[in-house]
Amino acid sequence: MRQQLLVLCLATPNPTSAVVAWSFFDGTGGTTTMAGDADQPPYDSVLAAMKDGWRVLQVPVVLAAAPGREHDTGPLPYEFVLEKLVDARGRS
Amino acid sequence: MDVVTPARDLLTSRQMAAFVAHGFLRFDELVPPDMAAAALAELASGAGPAPWKEGEPQANNAGRPLAALWTDSPAIGPILRLPRVAGIIRSLLGPGALYDHHYAHVIAPHQAWSQPWHADAVLDPRPLAFDIQLMFFFHDTPREMGGTMILPGSHLRRVNELEISRLQNFRGQLPTVCPAGTLIAIHHGIWHCGQPNRTDRPRTMFKLRLGPAGRQVRCWDLADLGHPDVVRTLRHEHPFTGSQARLELVKRIKLWRYLTDDATFDVDYWLGRMTEKLV
């Protein structure tokens with residue numbers, strides 16, 4: 001079996017909210033992906049991906065801002081990681 | 001001696017607000033075709049000051065005034081001294097801009113690999129002051145040639161270099177597709193990546209990083225400072241920011257206060273309500 005990873009960053013920590021950034025990594029080697037290769041996300045939300053068979057591996061942890069850093073932003077905070085297990089040819 | 005730049009060559013307040021909101025400004029066909037062609041020839045010759053590179057003692061120009069460099073250059077120097085280019089630099093950085101480094105990014109034909117998303121240099125602790133990077137595209141750059149992809153509105157987010165590289169695509173990402181002679185001025189913090197060159201011609205992008213010599217306060221043409229488009233532009237929500245869009249606006253308000261030297265400036269009372277209730 002091979003693992004495929006889908007990284008979806010959402011507008012909020014809610015898995016039904018909109019995808020704002022994404023990546024796909026294919027453990028079968030059948031698909032090569034890279035920065036800037038798509039204008040539209042593969043799913044509208046994490047929930048939509050789950051309905052298509054993706055399993056959630058990671059949900060974002062929401063922490064209170066440190067005092068004095070309430071307005072800081074950095075890497076996108078609401079990142080979900082999903083997986084599919086497929087055979088070496090990419091079949092579920 | 002610093003030369004006074006006529007207002008017509010400076011940025012407007014609306015353009016400065018766009019830089020604060022989006023992290024970049026684009027000027028199509030700013031460099032005349034003959035100068036652009038000469039610049040490509042100069043870059044190909046290897047002339048001019050050495051770009052920064054560790055271990056090369058001749059590359060010791062970092063921190064020197066820009067005005068002291070490219071003085072004998074046949075093309076790059078005259079381009080940097082074009083009134084409009086000089087006005088852009090002065091508007092964003094103030095007088096006496098300091099050279100940081102430069103590099104001619106030449107992407108070979110049929111380069112299929114994309115550079116991962118990143119922010120340049122290392123995480124910069126300056127709360128408000130900023131450097132700029134001028135990106136010159138001296139030849140036509142169609143989408144199949146790249147060019148540099150940027151994420152508008154990402155410039156005020158604190159990330160270190162490649163730690164955003166796990167993500168491949170963002171809503172709102174913007175590839176540079178432009179005619180010859182285009183200049184894009186970016187905030188040093190903007191997220192970006194070089195795109196593949198699928199043509200049979202090399203792609204060249206000349207990058208020059210500059211820093212301020214002092215406070216970057218009210219250095220542009222202030223005639224339209226009160227124009228409603230200033231606030232309208234600062235309010236713009238970039239699609240990748242999600243529920244952090246208001247935090248981005250708060251940071252822009254703080255940056256606009258710095259640039260205008262106006263500690264009372266606000267948009268929709270976002271900072272006002274905190275300031276008055278915290279004391």
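**Ground rules**

I'm working with a predicted model, so I note that local features need pLDDT of at least 70, side-chain atom pairs count only at pLDDT 80 or more, and totals for chains, interfaces and linings use all residues. Residues are numbered from 1 along each chain as its sequence is written, while chains are lettered from A and ligands numbered from 1 in the order in which they are written.

**Chain A, overview**

I went through chain A and found 1 helix and 4 strands. Along the sequence the pattern reads β-β-α-β-β. Taken along the principal axes, the box filled by the C-alpha atoms of chain A is roughly 50 × 25 × 20 Å.

I then checked burial, calling a residue buried if 20 or more other C-beta atoms lie within 10 Å of its own, exposed if 12 or fewer, and partly exposed in between, with C-beta atoms placed from the backbone. Of the 92 residues in chain A, 24% are buried. For contacts I need C-beta atoms, placed from the backbone, within 7 Å. Among the chain A contacts with a separation of 6 or more, 64% link residues 24 or more positions apart.

**The sheet**

I traced an open sheet of 5 strands in the order β3(A)-β4(A)-β1(A)-β2(A)-β5(B), with antiparallel pairing. Its edge strands are β3 (55-58) of chain A and β5 (169-170) of chain B, each pairing on one side only. Two strands pair here if DSSP finds at least two bridges between them.

I followed β1(A) (residues 2-10) first. It runs antiparallel to β4(A) (residues 79-86), with 8 bridges joining the two. Besides the pair I opened with, Cys9(A) stands opposite Glu79(A) in β4(A). Towards β2(A) (residues 19-26), β1(A) has 7 bridges, again antiparallel. There I found Leu8(A) opposite Trp22(A).

Trp22(A) also took me into chain B: its bridge partner in β5(B) is Asn169(B). β2(A) and β5(B) pair in the antiparallel sense over 2 bridges.

**Where A meets B**

I counted 21 residues of chain A in contact with 30 residues of chain B. On the chain A side, β1 and β2 each supply at least two residues, and β2(A) gives the most, with 4. That side divides into 12 nonpolar, 7 polar and 2 charged residues. My classes are Ala, Val, Leu, Ile, Met, Phe, Trp, Tyr, Cys and Pro as nonpolar, Asp, Glu, Lys and Arg as charged, and the others, Gly among them, as polar.

**Largest core**

A nonpolar core is a set of buried Ala, Val, Leu, Ile, Met, Phe, Trp, Tyr and Cys residues joined through C-beta atoms within 7 Å. The largest has 81 residues, and those touching the most other members include Leu8(A), Cys9(A), Phe136(B) and Leu210(B). Helix α1 (residues 13-22) of chain B gives the most to this core, with 6 residues. I listed what Leu210(B) touches, leaving out residues up to four places away in sequence: among them are Leu66(B), Ile89(B), Tyr99(B) and Ile132(B).

**Gly29(A)**

Is Gly29(A) buried or exposed? It counts as exposed because it has 9 C-beta neighbours inside 10 Å. I placed Gly29(A) in the loop between β2 and α1 (46-51) of chain A. Its C-alpha atom is separated by 9.5 Å from that of Gln4(A), 25 residues apart along the chain.

Definitions and conventions: Contact = placed C-beta atoms within 7 Å.
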